[in-house]
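Hi everyone, thanks for coming. Have a look at the structure on the screen, and I'll walk you through a few parts of it.

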Amino acid sequence: MTTRRDFIKISTAGTGAAALGLSVLNWNGVGKAFAGKDSEPVSDTELKRYPTYCEVCFWKCAGWTYVDKEGNIKKILGNEEDPHCNGRLCPRGTGGVGMYNDEDRLKTPLIREEKDGKQVFREASWEEALEYTAKRLKEVAKEHGPECVALFNHGSGGKYFGTLLKAFGSENIAAPSFAQCRGPRETGWIATFGEAVGSPEPTDIRDTKCLVLIGSHIGENMHNGQVQEMSEAIDRGATIITVDPRLSTAASKSKYWLPIKPATDIALLLAWIHVLIYEERYNKEYVEKYTFGFDLLKEHVKDMTPEWAYGITTIEPSVIRKTAREMADAAPAIIVHPGRHVTWYGDDTQRTRAIAIINALLGSWGSRGGFYLKEKVHLAHQKIPPFPKPKRTWRDAFPGQYELASLALSSGICDATIPTDDRDCSFKAWIVSGTNLPLTLPNMQHTIDAMSHLDFMVVIDTMPMEVTGYADVVFPECTYLERYDNIRTSPHREPYLALRMPAVEPKYNTKPAWWIAKQLAEKLGLGEYFPYDDITEQLDWQLKQVGSSLEEMQRIGVKKFDRQDGALYFKKGEELEFNTPSGKIELWSNEMAAENFDPIPVYTPHPEPEEGFYRLIYGRAPMHTFSRTANNHNLWDLKKENAVWVNPKVAKLWNFNNGDLVWLKNQDGIVSSFPIKVRITERIRWDSVYMVHGFGHSKKALSRAYGHGANDSELITKVMIDPVMGGTGMRGNFVTFLQEDPGKEAES
Amino acid sequence: MRYAMAIDTKKCVGCGDCVVACQTENNVPHGYCRDWIVENVAGTYPNVEIELRSERCNHCDNSPCVRCCPTGASHIVEGGIVMVTADKCIGCGACIQSCPYDARYSHPDGYVDKCTFCKHRVDNGQLPACVEVCPTKCLYFGDLDDPNSDVSKALQHRKWKVLAPEAGTKPQLYFLT
């Protein structure tokens, strides 16, 4: 493939940044992070604190940033009033200060240019970079239409670019958090209960008697409130059942660990449904009153006995029965957790449907100890002109497909950026805010190919992530500790608001996302969509509409409101209408049937590894978020690289010792750019290997993360697309080991 | 008064939050730590168990580090907390060798450093930074002489063990099992 877009290195030295950046470095100075012998710990009373909510992951815990007299950020602590964290941040939130202090940060705007026949980045002023970006976006709009521009976003800053894009005339706003993560779950939940699960998940773990985790590894994912409530559940002696081919941390704390054969979860779920129905252990009153299609479901699972599932899942029939009965005994205070990253095998919407059905049979949806009825504060928005109606959207690139996808598909936009004969228009420009696409989307080379076809690409980030190397313009965003963002309104048991405000001035020549988007809008003649000079005007106006103010929120950080929507749970016998075609909880889905998908989930076998190959399972480490924190010095201190987990039996076959370096090669012959250490452990099955996602960075500008560990995203070349909503199933890849250096040259 | 800590291995998920919180609270330089996570795996798939625990200085009653310190830099203060006076420490490392828990490290500024139970916080009536931050609330701290302290209550109701009891150090970290 010819590439019009050479990968450009961003130098770690950042020479020009000093010249451009010094003007904004007033009172905070350059971080004197650790002073040493003479520096005793500082008492909290000598520090000034500013409210924030965390941006290191999507849980967005509210906290306080503590700053000393010299303007150094000393530490970040949780806000005790916040239900996301209850005053206790996770390691990433505590280590968020490392994001601010990172000397590898993007320091000034960069523009791609040709110099001596070579593509390089040139440091630019904000004015020039903004002007140039506006000009290029206008050119794309003139030649191809504004709808050929797409936004990929993750995190708080994306909202502002979303407004900008809609004003510009495009609705192609995608987040990898849908098609690469929780999209199948939301689609399956909508088909069943008429609403999405949402974030944070309204799991009432605090009061549950039984928590069932299916490949969901709470404790390794640090979804803070859930980790805290699971810990309380352990204290209370609640039953935890974990289904996982790997002894996850959660599995090790469970009463039952079901070490399932990978890719067979739907068979187990159907067998559980069989036991609940045929042993008459389901919640009859709830099922009769609120659900649709019970008889069809009963007929469907007639032969799906635990004995049938045993041959598929390797879980003994007695264990399947015993766990189903424990679930029934706890009902309705039971949670079969919907999971979060659920894009595994391409039938993920169906698997999530099966999970939703079990919750419905046990009456846990809307019950204490099951799922609570979440509520949020609805903030008003200042009046802006209506958005223009785009001539086409991302859906037009996939006629008749993925009708049930409720959000745009990142992977779909990526696919539709590579021109094909049967598509009359491809995407021509990308705006990428806070998401490192090459390590976020599966099949890294495919993502790189797509980017090489673009006319224009602008990246907004705090760090020189891989994706910045493919951009035409890079805008350095300041970190969350240095900026205001929208008020956090995420739902919980009670509605809450949380404020993020800067604790220090932006370091270097960096700017907040709202400012960048607003400046771009003005240069594009769309300034009226950002009706404020400073974001604080909008925040104060919004807060005053709900009886608070910016001044109040700056003092308290988090504010609790009274519930408006009634009780936290359904009342016994309450008349309810669900937002589904039948108005009931659909065990048999009308929506799925209308789109010609199985109205009740079925088990389909998936390919298995050939001899010498092992299924590649990937997951999370509690001290890192995706691929975005590997360079954070505080978190790097905790975990510098990933390892490939190998069962001792497999290790013996390969003569491995702990710590041996190997390269991984997948079923398509793709070899990892970097070697990875072998970790021999009984925690993993012999037909699978496991690694934590987010390592193996190929960008030298990430001076700590570069070359540490292997990158699973480049090994995930086989993608099993979920036909229902376009999710990218990524657990169907198999790897083998190379013990000799394949001599593959790593990027940059 | 006798300060001690209990660590609930049934709840610890090994996230390392205690390590980062200690780092930012106590200005621990990058690449060093005063507390850390240990993971022990036992058994054969699928009959496997894991024990996760957050470890640090055991603030031993019978402290080999204090006994072997040639300058008196390592000493015990009220409440049994083992402290190092940086100005008195010559960095000889005898204490590092003597500690059965590997709880001490050589600070790049030339002295030996370790956990202080966040004495500066405890003196102000606050909890150690690691205890305050732990998302799973698996760390209990307090005065063993006070039967109502968090640590006393935790030890009354649970089975516990100490590490390397054979070393005879009378350690004051208790691991709930």
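Let's begin with a pair of helices in chain A: helix α5, residues 158-168, packs against helix α18, residues 513-523, at an angle of about 15°, and their axes are 8 Å apart. Before I go on, please keep in mind that this is a predicted model.

So how are α5(A) and α18(A) oriented to each other? Angles under 35 degrees count as roughly parallel, and therefore α5(A) and α18(A) are roughly parallel to each other. Their crossing is right-handed.

Which residues meet there? From α5(A) we have A:Tyr160, A:Phe161, A:Thr163, A:Leu164 and A:Ala167. Across from them, α18(A) brings A:Ala513, A:Trp514, A:Ala517, A:Leu520 and A:Ala521. Sort the residues of this contact by class, and you get nine nonpolar, one polar and no charged.

Now, how confident is the predictor about chain A? The average pLDDT of chain A is 93, and 94% of the residues score at least 70. There is a stretch to treat with care, though: over residues 11-38 of chain A, pLDDT stays under 50. The model has 42 contacts beyond four places in sequence for that stretch. Where pLDDT is low, the predicted coordinates should not be read in detail.

Let's zoom out to domains. The domain assignment of chain A gives domain 1, residues 182-372, and domain 2, residues 614-738. Their C-alpha centres lie 27 Å apart. The contact between them takes 21 residues from domain 1 of chain A and 22 residues from domain 2 of chain A.

What supplies the domain 1 side of chain A that touches domain 2? Helices α6 (176-193) and α14 (348-361) of chain A each give at least two residues, and the largest share, three residues, comes from α6(A). By class, that side of domain 1 has nine nonpolar, eight polar and four charged residues.

Finally, let's bring in chain B. Here 37 residues of chain B are in contact with 40 residues of chain A. On the chain B side, α1 (17-26), β2 (36-44) and β3 (47-55) each supply at least two residues. Which of these elements gives the largest share? That is α1(B), with eight residues. The residues on this side of chain B divide into 17 nonpolar, 13 polar and seven charged.

That's my tour, and I'm happy to go back to any part of it.

Notes. Residues numbered from 1 in each chain as written. Chains lettered and ligands numbered in written order. Predicted model: local features only at pLDDT ≥ 70, side-chain atom pairs only at ≥ 80, totals over all residues. Axes fitted to C-alpha atoms, helices over the stretch in contact; angles between N-to-C directions. Helix = DSSP H or I, 4+ residues; strand = E, 2+ residues; numbered from the N terminus. Parallel < 35°, antiparallel > 145°, perpendicular 65-115°, else oblique. Left-handed = near helix turned anticlockwise from the far one by under 90°. Contact = placed C-beta atoms within 7 Å. Nonpolar A, V, L, I, M, F, W, Y, C, P; charged D, E, K, R; others polar. pLDDT = per-residue confidence, 0-100. Domains from an automatic or database assignment.
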